[in-house]
Amino acid sequence: MIREMDFRDSACRGYEALLEDYLARELTGSEARMTAEHLESCAGCRLALEDAAASIPLLRVAGTLLDEVPYPSPGF
């Protein structure tokens, strides 16, 4: 599903960097709590988190495909 995004739909600057760690469950207790509370009230950050979650399987497939592609020989 493709959706139109504008500036209001983007993640907040202060939380954008935390979203990947939040998704991976790598935040400390207070950071995780603060991010979860923010996500309840911020549609832009929720959309960014959903996009990040949806991209994980695609990145895994891409990584697997790259592992199967041989590197060019040194003479290339």
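Predicted model: local features only at pLDDT ≥ 70, side-chain atom pairs only at ≥ 80, totals over all residues.
**Note on the packing of helices α1 and α2**

1. Helices α1 and α2 are roughly perpendicular to each other, a term that covers angles of 65 to 115 degrees, whereas angles under 35 count as roughly parallel, over 145 as roughly antiparallel and the rest as oblique. The angle between α1 (residues 13-23) and α2 (residues 29-41) is about 110°, and their axes lie 11 Å apart. Axes are lines fitted to C-alpha atoms, for helices over the stretch in contact, and angles run from 0 to 180 degrees between N-to-C directions.

2. Residues are numbered from 1 along each chain as its sequence is written, and side-chain values use heavy atoms, with hydrogens and water left out.

3. The protein contains three helices and zero strands, and its elements run α-α-α from the N terminus on. Helices (H or I, at least four residues) and strands (E, at least two) are DSSP runs, numbered from the N terminus.

4. Which residues form the contact of α1 with α2? From α1 come Tyr15, Leu18, Leu19 and Tyr22, and these meet Glu31, Ala32, Met34, Thr35, Ala36, His38 and Leu39 in α2. Contact means heavy atoms within 4.5 Å. By class, the contact has eight nonpolar, two polar and one charged residues. Here Ala, Val, Leu, Ile, Met, Phe, Trp, Tyr, Cys and Pro count as nonpolar, Asp, Glu, Lys and Arg as charged, and the others, Gly among them, as polar.

5. His38 is buried, with a relative accessible area of 15%; buried means under 20%, exposed over 50% and partly exposed in between, with a 1.4 Å probe and protein chains only. Leaving aside neighbours within four places in sequence, His38 is in contact with Cys12, Tyr15 and Cys45.

6. Is Arg25 buried or exposed? Arg25, in the loop between α1 and α2, counts as exposed at 77% relative accessibility. Arg25 also has a positive phi of about 60°, although it is not a glycine.

7. Some totals describe the whole protein. Buried residues make up 16% of its 76 residues. Among contacts between residues at least 6 apart in sequence, 52% join residues at least 24 apart.
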